[in-house]
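Please consult the sequence and the structure shown here.

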Amino acid sequence: MKNFYQSNEERAAWVQACARSFEAELSNPLQNEYVNCIVDTTATLKAFMDGNIHAKPANFDDMKKAVEGLTNGVNTIMMDDAGLPSVMVALPKMNSANLADEFAPRTHPAWIMDGKELDMVYLSKYQNVVFEGRAYSLPLMNPATKIDIDAADAVCMKKGEGWGLTPAALWSALALYSHKNGTLPGGNSYYGADFYKEEERGIPADYSSASPELVYHTLTGSGPARWNHNGRGDGVADLCGNVQEWQNGARLMYGEFQMIRNADCMMRSISKSADSADWCAISVNGQFIPAASEESVKLDYLNNGWSLVTGSRLYNQLNSSRYCFFKDMTTELEKVPQLVKEFTLYPTEGDNSDLQRQYFSGYNGPCERMMYRGGSFGNGCFAGIFATSVNLERSFHGIHFGFRSAYYGE
């Protein structure tokens with residue numbers, strides 16, 4: 001395996017990073033074996049994807065055993081229709097009442113598809129790479145960037161039935177979970193390091209061409225377990241920083257929040273095109289209603305910050321992006337619907353000081369704008385799992401933008 005590394009030092013760094021992310025003890029012989037298996041299988045896969053070897057690895061049973069062994073089965077290996085693996089996190093159905101004290105008990109929208117409740121869904125543990133037109137969740141990789149939202153969704157769906165781009169509802173559920181449980185993740189938000197804890201660093205994946213000492217992206221999952229959504233080794237990695245992540249089924253249209261109902265964005269029969277009739281608005285009563293409705297929840301910029309409003313008129317509409325801190329958003333509504341908060345389009349009640357300067361960047365001008373979340377390597381204090389932007393056209397792409405896949409199949 002050593003021929004797949006640039007040096008023995010690189011392999012040692014990978015082993016240490018993998019152990020740190022999974023909270024594995026290398027002094028434990030079995031955990032040591034598992035970590036080395038994951039690292040060496042990843043190196044073989046990378047060599048195959050880079051074209052340095054031409055034979056696809058025969059099977060991934062040992063890697064699956066290692067991933068499941070280190071996480072008590074919470075993480076697993078899932079194969080796509082090309083016979084290649086992704087490391088996925090199993091996420092059991094969540095009740096909204098367990099995500100915020102103010103929520104009435106009901107299944108969170110992320111676990112409802114086509115009107116049916118799902119017991120389990122799966123999310124990529126890592127920001128994805130792309131190989132032969134398909135998305136993959138693998139550790140210690142340089143995440144794919146320079147991809148627009150439609151292309152990101154396409155490479156996810158190409159993996160086979162049940163695969164798609166991360167639903168905005170699912171990201172929101174993990175954000176609410178981390179806030180409720182005091183595990184808001186850190187990440188590469190300050191050029192290779194966490195903005196608030198600079199001693200926490202990932203392994204550099206690439207650097208600025210203008211300033212070669214300046215780290216841009218870090219290898220997926222190479223940070224500590226605190227960079228996972230639950231603060232544990234079995235969590236979803238890198239939801240704060242590294243790359244902004246496109247969100248499936250959420251947009252602003254003429255200042256109106258529009259969603260694909262619940263997690264229906266994962267269905268092949270649903271269209272997410274700009275002119276699709278599958279887009280819904282959210283009513284002031286917390287129901288999905290037809291888009292472009294007078295009684296829908298909309299976004300207006302009032303008193304130097306974003307505010308939720310309703311009605312047929314926006315008083316401060318502008319063909320430009322503006323932002324405020326997410327925790328400082330206000331409302332003109334009599335009561336903010338639970339559904340809006342379940343999609344983390346507005347902060348929950350109570351102490352939100354731990355959200356610090358995570359931002360909400362919006363656009364309420366006369367056209368469509370798509371959603372992305374998390375912040376990137378240079379966003380500093382503005383990055384975080386609650387950092388949300390809905391201000392770019394669907395064709396936009398750049399080095400700050402990536403994605404991850406989800407699986408909603410059988």
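The model is predicted, so local features need pLDDT of at least 70 and side-chain atom pairs count only at pLDDT 80 or more, while totals for chains, interfaces and linings use all residues. Residues are numbered from 1 along each chain as its sequence is written, and side-chain values use heavy atoms, with hydrogens and water left out.

**Salt bridges**
- The whole structure contains 19 salt bridges (a side-chain nitrogen of Lys or Arg within 4 Å of a carboxyl oxygen of Asp or Glu).
- E102 pairs with K341 at 2.5 Å, N to O; E102 lies in the loop between β2 and β3, and K341 in helix α6, 239 residues apart.
- E102 is partly exposed at 29%, whereas K341 is buried at 5%.
- E342 pairs with R106 at 2.8 Å, N to O; E342 belongs to helix α6 and R106 to the loop between β2 and β3.
- E342 is buried at 0%, and R106 is partly exposed at 34%.
- Salt bridges with shared partners join D150, R251, E368 and R394 into one network.

**Cavity**
- L176, H179, F326, K341, T344, Y346, P347, T348, N352 and F386 line the largest cavity; a cavity is a set of points on a 1 Å grid over the protein atoms alone where a 1.4 Å probe fits but cannot get out, and lining residues have an atom within 4 Å of a point.

Note on methods: 1 Å grid on protein atoms, 1.4 Å probe; cavity = no way out; pocket = protein on both sides within 12 Å on 5 of 7 lines; lining within 4 Å. Helix = DSSP H or I, 4+ residues; strand = E, 2+ residues; numbered from the N terminus. Buried < 20%, exposed > 50% of the residue type's maximum accessible area, 1.4 Å probe, protein only.
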